[in-house]
Amino acid sequence: FTDKDIVALSGAHTVGACHADRSGFEGPWTDDKLKFDNSYFKDLLNKKWTLETLKPGKPQYWSGKTMMLTTDMALVEDAKFKEHVQKYANDQEAFFQDFVEAWVRLQELGCGQLRDIL
């Protein structure tokens with residue numbers, strides 16, 4: 001996978017939330033955890049994030065009621081990844097197109113069961 005693919009697939013965090021009983025992390029990535037859009041990328045760039053350590057000793061970033069994992073924050077800390085974050089924050093259609101391409105590749109490379117799980 002390319003840097004673009006990794007960032008595009010990470011955009012799936014625009015929906016859903018973490019659950020402490022399953023992963024040790026807690027909270028939604030975006031304000032509307034049921035809407036698939038580019039808000040994840042906008043939030044990465046525009047919100048002020050504060051690092052906290054949860055009870056199980058897991059580091060997690062918070063901004064109000066939304067959270068990011070250290071892997072999410074890596075997307076804005078790495079210059080090559082950040083280029084794609086900025087592109088997707090500014091162009092939702094580019095995110096959608098690149099996400100579809102990366103998702104199809106993921107399925108073709110053997111992760112087809114994700115269709116059934118998700």
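This is a predicted model: local features need pLDDT of at least 70, side-chain atom pairs count only at pLDDT 80 or more; totals for chains, interfaces and linings use all residues.
Residues are numbered from 1 along each chain as its sequence is written, and side-chain values use heavy atoms, with hydrogens and water left out. Local features required a pLDDT of at least 70 and side-chain atom pairs were counted only at pLDDT 80 or more, whereas totals for chains, interfaces and linings use all residues.

The largest nonpolar core comprises 25 residues, of which F41, L44 and M68 touch the most other members. Such a core is a set of buried Ala, Val, Leu, Ile, Met, Phe, Trp, Tyr and Cys residues joined through side-chain atoms within 4.5 Å; buried denotes under 20% relative accessible area, exposed over 50%, and partly exposed the range in between (1.4 Å probe, protein chains only). Two or more residues are given to this core by each of α1, α3 (39–46), β4 (59–63), β5 (66–68), α4 (70–77), α5 (79–90) and α6. Helix α5 provides the largest share, four residues. Helices (H or I, at least four residues) and strands (E, at least two) are DSSP runs numbered from the N terminus. Beyond its neighbours within four places in sequence, F41 is in contact (heavy atoms within 4.5 Å) with V7, G11, V85, Y88, A89 and F95.

Seven salt bridges were found in the whole structure, each defined as a side-chain nitrogen of Lys or Arg within 4 Å of a carboxyl oxygen of Asp or Glu. One of them joins D98 to K4, at an N to O distance of 3.9 Å. This pair links distant parts of the chain, with D98 in helix α6 and K4 in helix α1, 94 residues apart. D98 is buried, at 6% relative accessible area, while K4 is partly exposed, at 25%. K4 also forms a salt bridge with E101, with the closest N and O atoms 3.9 Å apart. Shared partners join the salt bridges of K4, K87, D98 and E101 into one network.

In helix α1 (residues 3–10), S10 is buried at 18% relative accessibility. A polar atom of the S10 side chain lies 2.8 Å from the backbone oxygen of I6. S10 also touches Y40 and L75, residues up to four places away in sequence not being counted.

How values were computed. A polar contact is a pair of N or O atoms within 3.5 Å; within protein, one must be able to donate a hydrogen and the other to accept it, and residues adjacent in sequence count only if both atoms are side-chain atoms.
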